Amino acid sequence: MRKIRNIISSLFIFIGLFLISSCSGRLEVKNLDTIHEMEFGGIYLTITIDDFNNKGFNYGDSVDIEFTNGYKVNDIPYYNGYYVDAGETLLVGYPGYDYVKLTLNYGDDYWDIADLKDGDKGSIKLNQALKYKDIQDTMNIQYSDTKRDDETEAEFSNYRMVNIGNIKDNILYRGASPCDNKHNRASHVDSLLALNQINYVVNLADTPEKIQDYMAKSDFNSPYFKSLYERNTVLLAAPISKVLPLSMNMNYKSDEFREKVALGLKSMLSFQGPYYIHCQEGKDRTGFVLIVIEALLGASYQEMVDDYMETYKNYYNITLESDSLRYNIIKQRNVDAMLKFLIGNENANLSETEFSSYIRLYLINGGMTDSEVTSFINLLS
């Protein structure tokens, strides 16, 4: 009898372990509504990040996603940030997002890639638990939307003058949004715009409709930005806005992105400075556009790296001295990748490259004339 009890007990233990293993492999959320996330070009699957994680999913998991139209994507990482190379797929639960999102990092619109239509649904299934945990743990970076007492207003706003290469002082500034208050920075940016008497703003992130929505919200407190957006001139009866909304996606390798970069720089020729360039955080789209400008104006590779990485110091306190691993990964995936794309050479020695001629061609291919590029250089230098 004791042997029988031991055999039965062992059998129950085996069955229990089998069921746990099987169930963990079938962890799944089904029939989620999909929403086209148009600003960055992705697919929201309508389960909140907290609810998704409470189901048992963890950052660093590998997941499979399938839509009711038959499109599938397998073995992609689930992260709380964009910790993949440009053009790679991930499921992201980014702080502040309404839902988890399937997207390409700096890539084409995933809604179009998956050929989704309104009404299509999606399911997310665990492929392998914590397969990408090492990358998640290494790259896990988040910032606070509350200003610290030891932070300056400019640091909190990721706001700064750009004067590297041949760019003169007090002509060009970059930073976070002065109108989108999602991260509680808009009013701080606005006060800095007023302090520096910014005369023209290139808004890489928004449409006119979005800007009107921001200005209608109860927490909108950016009077200087509003005065630029609604600026009148004495020469024309119609108002001439000193804010250009470009509504750029995240795919810096696309023709559309290049054309909007060229349009934004060309528009600056019609206004006196100082100029301000921003997206939402002043990090990704702004980072690329400023690399274009800096490279055109003779900045060295190291100067561009230092300016780009200042953003990661402001938001995440990542510096070469404090966190060399993360610093170098970000530099390689972002600054180096962007510059190699711009010059069309993946194997280039960036520290020995003269970038200006490549950028001139990039902008001409985007719609500027050669003389307009020269005028832009003269405008800032």
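Helices (H or I, at least four residues) and strands (E, at least two) are DSSP runs, numbered from the N terminus. The model is predicted, so local features need pLDDT of at least 70 and side-chain atom pairs count only at pLDDT 80 or more, while totals for chains, interfaces and linings use all residues. Residues are numbered from 1 along each chain as its sequence is written, and side-chain values use heavy atoms, with hydrogens and water left out.

**Whole chain.** Display the C-alpha trace, which spans about 100 × 50 × 45 Å along its principal axes. Colour by secondary structure to see 14 helices and 12 strands. Of the 381 residues, 51% are buried; buried means under 20% relative accessible area, exposed over 50%, partly exposed in between (1.4 Å probe, protein chains only). Contact means heavy atoms within 4.5 Å. Among contacts with a separation of 6 or more, 68% are between residues 24 or more positions apart.

**Helix 8.** Select residues 223-229, then Phe225 and Tyr229. These two residues are about one helical turn apart because they are four residues apart in helix 8. Rings of Phe, Tyr and Trp (its six-membered ring) pair if their centres lie within 6.5 Å; planes under 30 degrees apart count as stacked, over 60 as edge-to-face and the rest as tilted. The count by this rule is 26 aromatic pairs. The pair of Phe225 and Tyr229 is stacked, with 6.1 Å centre to centre and 15° between the planes. Both Phe225 and Tyr229 are buried.

**A second stacked pair.** Next select Tyr252 and Phe288, stacked at 4.9 Å centre to centre with 20° between the planes. This pair links distant parts of the chain: Tyr252 is in the loop between strand 11 (243-245) and helix 9, and Phe288, 36 residues apart from it, is in helix 10. Tyr252 and Phe288 are both buried.

**Helices 9 and 10.** Select residues 255-268 and 285-296. The axes of helix 9 and helix 10 come within 11 Å and cross at roughly 65°; axes are lines fitted to C-alpha atoms, for helices over the stretch in contact, and angles run from 0 to 180 degrees between N-to-C directions. Phe257, Val261 and Leu265 of helix 9 meet Arg285, Phe288, Val289, Val292 and Ile293 of helix 10. The residues of this contact are seven nonpolar, no polar and one charged, where Ala, Val, Leu, Ile, Met, Phe, Trp, Tyr, Cys and Pro count as nonpolar, Asp, Glu, Lys and Arg as charged, and the others, Gly among them, as polar.

**Nonpolar core.** A nonpolar core is a set of buried Ala, Val, Leu, Ile, Met, Phe, Trp, Tyr and Cys residues joined through side-chain atoms within 4.5 Å. The largest one has 117 residues, and those with the most contacts inside it include Leu265, Ile293 and Leu363. Centre on Leu363: beyond four places in sequence, Leu363 is in contact with Val261, Ala262, Leu265, Val292, Leu296, Met368 and Val373.

**Two loops.** Go to Asp109, in the loop between strand 6 (100-104) and helix 3 (110-113). Asp109 is buried, with a relative accessible area of 18%. Leaving out residues up to four places away in sequence, Asp109 touches His36, Gly41 and Gly42. Finish at Gly70, in the loop between strand 3 (62-67) and strand 4 (72-79). Gly70 is partly exposed, with a relative accessible area of 47%. Its C-alpha atom is separated by 9.9 Å from that of Asp120, 50 residues apart along the chain.
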